[in-house]
Amino acid sequence: MVRTRFAPSPTGVLHIGSVRTALFCWLYARRHNGKFILRIEDTDLERSTQENVDAILDGMNWLGLDADEDPIFQTDRFDRYHEIANQLFESGKAYRCYSTKEELEALREEQKKKGEKTRYDGRYRDVPPKENNDNYVLRFKNPLDGSVIVEDAVKGKVEFKNDELDDLIILRSDGTPTYNFTVVVDDIDMNISHVIRGDDHLNNTPRQINIYEALGAKPPTFAHIPMTLGEDGSKLSKRHGAMDIREYREKGYLPAALLNYMARLGWSHGDQEVFSVDEMISLFDIRDINKASSTFSSDKLLWLNHQHINKLNYDEIIPLLKYHMTVLEIDYESGPDLKEIINVYSERSETVLDMAKSSIYCFQDIDDYDDKAVKKHLRPVILDPLNDVKSEFEKINNWKKENIDSAIEKIVNRYEINMGKLGQPLRVAVTGSSMSPSINKTLTLIGKNRSIERINKAIEIIKKRIESNKE
């Protein structure tokens, strides 16, 4: 069975680069009816926090990247790591190193002067354990000759010489296990078949393969995916968009759009740009991942988000819209049906937050008018047409688009003005600004009573303006 794992460290929150790794692991498992495992690598006790654990779990849940088993925490497995480390030590495949920090620093300085690669020289490799001395680290005995061949599913064949690898620490002096050791123990115990991760881990792979072999275990298939870069070609950072994934939720992005975009960063299927999650599952293969780095584009992500807003059904988008309306303190039950909001505003909205903000006036009174729009459109010349259109609106029994159009057209013809001369003042009157969907759709959503109340308010604004001019 295919079993993949995503193994974030809670020394930080879940960000966009990590999401792509999680997504590729999740897609591959789903494509092959396998299992996707979430492992929290929290062995860095000083920097790992429960807050970051919660952020990771919350982000994964929002994205819909569901794990098939309960999350595994490395801090719950320390006894297991010590057991395996002791096995390696007892079998002569690991040893105690008593080098002090001063000794190691002196070694590094000497190697630098000689122009050599800085690494541990194995000076305690064959030294018998010292009795009554607990001040040591446990090092793995890396093979001294030969090569490690990594048959990478993305990079192809990569060879590493063993004599270029030093004896890595597997247990620190305080007993805490190290990354390269714990991931091997975990992946063996969890029957991980495919390790899909960033290519910044490629240099760790030969060390890990040697530990697999020392433990008599078959290494998984490795797939090292190229890093994602910012638009300036530098490492992806917060200024490029590598922020807490939950910030994208707060900005109104859709999980499906975000996953679609992250999948396309380094993976493709012909010229297709927009994918549903089901399509990605059916088409994804690690062999199709590009070998070159990809570039993160905020504009492209926003474009894709807009495409997904227009593709989602009501059941998918209404909960997201309610979420943002709640955050904005909009009583979404006090206005039109949210399906109608989506019908009218989806084409105009790049994010769900845009949709919620743009439709506020459909649910609550207008507190602030756009001064420029008021000055330009609520002028004395439009007072009589506004009064008359209000009267026509009051006669409408069935408040629907066709009847609204008929009432407006009657006033336009009566005063022999074009639609814009009445439509824009009406728009400012009922929305507070000069920007909205078509005036008949806008009025339909706002409703008859609210529309008439706001037109009355606009009439009072014009009357005050006339009085002010007289003074």
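Helices (H or I, at least four residues) and strands (E, at least two) are DSSP runs, numbered from the N terminus. What follows concerns a predicted model, in which local features need pLDDT of at least 70 and side-chain atom pairs count only at pLDDT 80 or more, while totals for chains, interfaces and linings use all residues. Residues are numbered from 1 along each chain as its sequence is written, and side-chain values use heavy atoms, with hydrogens and water left out.

Ser349 has a relative accessibility of 1% and counts as buried, where buried means under 20% relative accessible area, exposed over 50%, and partly exposed in between (1.4 Å probe, protein chains only). Leaving aside neighbours within four places in sequence, Ser349 is in contact (heavy atoms within 4.5 Å) with His306, Ile309, Asp354 and Met355.

Charged side chains come next. Side chains of opposite charge can pair when their charged atoms come close. A salt bridge is here a side-chain nitrogen of Lys or Arg within 4 Å of a carboxyl oxygen of Asp or Glu, and a search of the whole structure finds 33 of these salt bridges. One of them joins the side chains of Asp66 and Arg30, at 3.6 Å from N to O. Because Asp66 lies in the loop between helix H2 (50-63) and strand S3 (72-73) and Arg30 in helix H1 (residues 16-31), the pair ties together parts that are 36 residues apart in sequence. Asp66 is partly exposed, with a relative accessible area of 40%, whereas Arg30, at 18%, counts as buried.

Another salt bridge is formed by Asp187 and Arg39, whose closest N and O atoms are 2.8 Å apart. Asp187 belongs to helix H5 (residues 179-189) and Arg39 to strand S2 (residues 35-40), so this pair ties together parts that are 148 residues apart in sequence. Asp187 is buried at 3% relative accessibility, and Arg39 is buried at 0%. Asp187 and Arg39 also take part in a network of salt bridges that links Arg5, Arg39, Glu41, Arg77, Arg80, Glu83, Asp186, Asp187 and Asp189.

In the strands, an open sheet of three has the order S4-S5-S8, with antiparallel pairing; two strands pair if DSSP finds at least two bridges between them. Strand S4 (94-97) and strand S8 (169-171) stand at the edges with a single partner strand each, so one side of each is left without a neighbour in the sheet. Four bridges join S4 to strand S5 (residues 137-140), and Cys97 has Val137 in S5 as its bridge partner.

Rings of Phe, Tyr and Trp (its six-membered ring) pair if their centres lie within 6.5 Å, and planes under 30 degrees apart count as stacked, over 60 as edge-to-face and the rest as tilted. The structure holds nine aromatic pairs, including the edge-to-face pair of Tyr261 and Phe296, with 5.5 Å centre to centre and 80 degrees between the planes. Since Tyr261 lies in helix H8 (residues 255-264) and Phe296 in the loop between strand S12 (294-295) and helix H10 (298-309), the pair ties together parts that are 35 residues apart in sequence. Tyr261 is buried at 4% relative accessibility, and Phe296 is buried at 1%. Elsewhere, ring pairs link Phe24, Trp267, Phe275 and Phe284 into a cluster.
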